[in-house]
Amino acid sequence: MNPLAVLLSLLVFLPGGLMAQQQDRGQKETTASSGIDMYPMESAERQREFYELLNELRCPKCQNQNIADSDAPIASDMREEVYRMMQEGADEDEVVNALVARFGEFVRYKPTFDRRTALLWLLPAIVVLVGLIVVIVIVRRSQRDDDFGPAALSDDERRKADDLLRRESS
Amino acid sequence: MRRFLLFIPVILAIAVGVFLASGLGKDPQELDSALIGKPVPVFELSDLKNPDRALTPEVFQGQVSLLNVWATWCPACRDEHDDLIWLAEEKGIPIIGLNYKDNRDQALEWLQDLGDPYQLTLFDPRGRLGFDLGVYGAPETYIIDQQGIVRFRHVGVVDEKVWEEELQPRIRQYREEG
């Protein structure tokens, strides 16, 4: 087979292969989330929102699990409630707020931005900013040293230095 | 000035250390109730002992009471039961029971065998009120003031130590306020 044909066939088949893989992964995700109970929604979009919510809400009992993963009875109650509210047409915010009103801010894996959480949200940006400033200062300073360095020699000194260098290399 | 800059990492390390040390010894399982300062959620449940009697948040009006969430399937509830009886009988504390996700016959049997510390018991087989209260593990005990406002929640077993350190001072305070 000539190399061009190999390349062409790769170009044709590779994207197909990748897509198949992605589909496979997508299927695995849905089966994993619905493994506990079946919660049919009226549309694929709502179904996606529903699973997104289950993954974003934290179980108050098994504190390091979301309510999709947790087997605690309270997590299953919360799943039921999310499902019930969504069947009644509630949007994601309404569902999250209803659960926060009962169980507290703790159930949000994504905390809201307010005065208490400002530091939490802004710290990464602050750290990056401070890092950038430090880098800029260091670079500036070394540039300034470069400017002053050579100019600090007088003509006489320069000649002497050149002499020394020449002697060294010969 | 330059010397001072050298100490910044040490100061930062100490600050972070103090901040983290303050978190040690806290029980992460103990969450503040989201309902503190709010009225008990609206409910209409039957009386455990009298299925025909409908109970509403009215039952909390006019006294500082404890609301104790329990169930026969909850082993820790058995542990605290004697202490609840002690609170009701020796200290005269009004305790309202919330029988949570349980079976009426079993619950009645439990009260018959172990004694009944409750003024009355709300029967909540589907856990609706429990869910609205944010109950995430029985036993839980709430302090409800004269106006029916949730003031405090204790998650876990109530014993003499919890009574003395957490419940008694608060009940005294809320009684004075009311």
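Over residues 118-139 of chain A, what percentage of the chain is helix, what percentage is strand, and how far apart are the end C-alpha atoms?

Modeller: Over residues 118-139 of chain A, the chain is 100% helix and 0% strand, with 31 Å between the end C-alpha atoms. Helices (H or I, at least four residues) and strands (E, at least two) are DSSP runs, numbered from the N terminus. The stretch is listed by UniProt, in an unreviewed entry, as "transmembrane region". UniProt positions follow the numbering used here, feature names are shortened, and annotations may be inferred rather than shown by experiment.

Some conventions come before the rest. Residues are numbered from 1 along each chain as its sequence is written, while chains are lettered from A and ligands numbered from 1 in the order in which they are written. This is a predicted model, in which local features need pLDDT of at least 70 and side-chain atom pairs count only at pLDDT 80 or more, whereas totals for chains, interfaces and linings use all residues.

Chain A as a whole has six helices and zero strands, and along the sequence its pattern reads α-α-α-α-α-α. Of its 170 residues, 13% count as buried. Buried means that 20 or more other C-beta atoms lie within 10 Å of the residue's own; exposed means 12 or fewer, and partly exposed is in between, with C-beta atoms placed from the backbone. Two residues are in contact if their C-beta atoms, placed from the backbone, lie within 7 Å. Among contacts in chain A with a separation of 6 or more, 35% are between residues 24 or more positions apart.

Helix H6 of chain A (residues 155-169) includes Ser169(A). Ser169(A) counts as exposed because it has 6 C-beta neighbours inside 10 Å. Its C-alpha atom is 79 Å from that of Leu99(A), 70 residues away along the chain.

Leu99(A) belongs to the buried set of H4(A), together with Val95(A), Val96(A), Arg102(A) and Phe103(A). These residues cover an arc of only 130 degrees around the axis, so they lie on the same side of H4(A). The arc is that of the directions from the helix axis to the C-beta atoms. Asp93(A) and Asn97(A), on the other side of H4(A), are exposed. An α-helix has 3.6 residues a turn, so residues three or four places apart point the same way. The buried residues of H4(A) pack against helix H2 (44-56) and H3 of chain A, and against helix H5 (128-133) of chain B. H4(A) has twelve residues, which at 1.5 Å a residue should span 16 Å, and its end C-alpha atoms are 16 Å apart, in agreement. The expected span is 1.5 Å times one less than the number of residues in the helix. After H4(A) comes Gly104(A), with a positive phi near 90 degrees.

H3(A) can be read in the same terms. Its buried residues are Ile74(A), Ala75(A), Met78(A), Arg79(A), Val82(A) and Met86(A). They cover an arc of only 145 degrees around the axis, which puts them on the same side of H3(A). The buried residues of H3(A) pack against H2 and H4 of chain A. The 15 residues of H3(A), at 1.5 Å each, should span 21 Å, and the end C-alpha atoms agree at 21 Å apart. Just after H3(A), Gly89(A) has a positive phi of about 95 degrees.

The contact between the chains takes twelve residues from chain A and eleven from chain B. On chain A, helix H3 (73-87) and helix H4 (92-103) each supply at least two residues of the side that touches chain B. H4(A) gives the most to that side, with four residues. By class, the side of chain A that touches chain B has six nonpolar, two polar and four charged residues. Here Ala, Val, Leu, Ile, Met, Phe, Trp, Tyr, Cys and Pro count as nonpolar, Asp, Glu, Lys and Arg as charged, and the others, Gly among them, as polar.

Chain B holds an open sheet of seven strands, in the order S2-S1-S5-S4-S3-S6-S7 and with mixed pairing. Two strands pair if DSSP finds at least two bridges between them. In strand S4 of chain B (residues 95-100), six of the six residues are buried. Strand S3 of chain B (residues 65-70) pairs with S4(B) in the parallel sense over five bridges, and Asn68(B) stands opposite Gly97(B) in S4(B).
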